[in-house]
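Hi,

Here is the structure I promised to pass on. Have a look at it first, and then read my notes below.

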Amino acid sequence: MDSIVNKFKRSTSTWGDHNMLVNFDVTKEFSLPSFDIPPCHNPIEFLKHNTDEKSNAECRIKFKHGTTTLAFKFQGGIIVSVDSRATAGSVIVTQNIRKIIEINPYLLGTMAGGAADCTFWERELGRRCRLYELRNKERISVSAASKLLGNIVYSFKGMGLSMGTMVVGWDKTGPNIYYVDADGTRLKGDLFSVGSGSPFAYGVLDSAYDFDMSAHDAAELGRRAVYHAAHRDAASGGNIHVYHVKQSGWENLGFRDFDDLHWEYQDQPKPSIIGDVQPMMLNIQD
Amino acid sequence: MTGKDFTLTISDTAATRSIIVFKNDEDKSLELNKHVLMLYSGSPGDTLHFAEYIQRNVKLYEIKNGIELTPKATATFTRREMANSVRSRKPYNVNLLIAGYDVTTSLPHLYWIDHLGTNATMPYAAHGYGAFYTLSILDKYHRPDISLDEAKAIAKKCIEELKTRFFTNLTGFKVKVSDKDGIREIEI
């Protein structure tokens, strides 16, 4: 009822465009084209932080892979775990970005590096995978999908694409993880972590990894590894998403907020690395 | 290195990016045909791309003409492709070693090809930082007619030297032999 009334409540006055006239700035509209500069004291210095002028004169904007993503194989398939913080230089743009891209119901791609590059090219990969399925009447293998992405990315080598992604899925040969990089690397492996937080994640992952873990333990290990990386790395944080890839496709195991996880882990006693030592209770004063 | 009737190659197996070792069982070689093995090193994406390109062209030649290319022919072809790439807009930054056994003349061959399009036939060769340590060992101990056991001993000495003096911990090595029976991986 209200919506019908509101339709006829609108003013029919031609002065409805009054605001536009008042804000119309001739100097701005007809001046030479310009672009936004960062609203800070010294925009040149600010931009210098985010550009890398020396390594490649033709392509100066260099993105650091400010993220933590990881994927590993175990007896029950593959666990993929990522954080969700997006940074632009020293500013956190959002704590809530999706770094796992669902290419199709049985293929996942992770994002590290330039967000636009990753999402665009992984969606393009999804399109090509679908074309393959239609042409060949069978699902594309993870190896072929990663090769497609790798070749696309290699053709742009040196032009400033920035992505470090893992193509993860379950095909005829079983679970597979392929790491594909913007400089053309394509590696097949059982355990990868990509991003600025990856060394921290590797530490936790390598020390507690066991192929025969249960699915629950594996998900918890993935979550824990990203938590530790997000704790130490400034460019990782937000929420921690975990996906489980099984033979029937991937399953989203949801996400946990990093801060909540932090207090939950603080309350737990630290695990003992050798069985016979009593776990230590942590008393954090701050 | 070449021996009496075989060639022996060693490559390290770490795939690294700055301080992280992504993978420590990476095979940095490709079999061009039954008797010719190509080892590659250089920029990450370029290496595999160029190496696969050569491998597939060699295979195409064999399918078209029904004859296996000799090591010398593959090396000449590869050098030509490398020279074309150097003269292009964006050269491949890849160094190669082509090691093979020529079934027509029953002789082993080893070719050192670098990213500028140089092709050198050598009894023993190395690419990369490892060359600084191992070439002198090969200079001292290598003879053209060594047996496989002697070659394995020299290879072991080279690897030990790298483990002692090279500043990064090379996580593993893949040793392969190419002789009249084909290419196989061996343990030393």
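Asn104(A) touches Cys129(A), Glu133(A) and Trp250(A), leaving aside residues up to four places away in sequence; a contact here means heavy atoms within 4.5 Å. Asn104(A) sits in strand 5 (residues 100-104) of chain A, and with a relative accessible area of 11% Asn104(A) is buried. For that word I use under 20% relative accessible area, with exposed being over 50% and partly exposed in between (1.4 Å probe, protein chains only).

Before you go further: this is a predicted model, where local features need pLDDT of at least 70 and side-chain atom pairs count only at pLDDT 80 or more, while totals for chains, interfaces and linings use all residues. Residues are numbered from 1 along each chain as its sequence is written, chains are lettered from A and ligands numbered from 1 in the order in which they are written, and side-chain values use heavy atoms, with hydrogens and water left out.

Chain A overall

Chain A has 9 helices and 12 strands; these are DSSP runs, numbered from the N terminus (helices are H or I, at least four residues; strands are E, at least two). Of its 286 residues, 41% count as buried. Among contacts in chain A between residues at least 6 apart in sequence, 58% join residues at least 24 apart.

Where the chains meet

How many residues of chain A are in contact with chain B? There are 18, and they meet 15 residues of chain B. The area buried between the two chains is about 1,300 Å², with carbon and sulfur atoms giving 55%; that is the accessible area (1.4 Å probe) that two parts lose on being put together, summed over both. On the chain A side, Tyr154(A), Lys157(A) and Leu187(A) lose the most area to chain B, together 38% of what that side buries.

The rule finds 4 salt bridges across the interface of chain A and chain B, a salt bridge being a side-chain nitrogen of Lys or Arg within 4 Å of a carboxyl oxygen of Asp or Glu. One of them pairs Asp46(B) with Lys157(A) (3.6 Å, N to O). As for the side of chain A that touches chain B, at least two residues each come from helix 6 (142-155), strand 8 (174-181), strand 9 (186-189), strand 10 (191-194) and helix 7 (198-208) of chain A.

Asp46(B) is in helix 1 (residues 44-65) of chain B and counts as buried at 4% relative accessibility.

Another salt bridge is between Asp181(A) and Arg17(B), the closest N and O atoms being 3.6 Å apart. Asp181(A) lies in strand 8 of chain A and Arg17(B) in strand 2 of chain B, so this pair joins two chains. Asp181(A) is buried at 6% relative accessibility, whereas Arg17(B) is partly exposed at 23%.

Helix 7 of chain A has Ser198(A), Ala201(A), Tyr202(A), Val204(A) and Leu205(A) as its buried residues. Their cover includes strand 1 (69-74), strand 10 and helix 8 (215-232) of chain A, together with strand 3 of chain B.

Salt bridges within a chain

Over all chains the count comes to 21 salt bridges. In chain A, Asp190(A) pairs with Lys73(A), the closest N and O atoms being 3.3 Å apart. Asp190(A) lies in the loop between strand 9 and strand 10 and Lys73(A) in strand 1, so the pair ties together parts that are 117 residues apart in sequence. Asp190(A) is partly exposed at 47% relative accessibility, while Lys73(A) is buried at 13%.

Which residues other than glycine have a positive phi? Lys137(A) is one, with phi near 55°, and Ser18(B) is another, at about 50°. Lys137(A) is in the loop between helix 5 (115-136) and helix 6 of chain A and is exposed, with a relative accessible area of 78%. Ser18(B) is in the loop between strand 2 (15-17) and strand 3 (20-23) of chain B and is exposed too, at 72%.

Cheers
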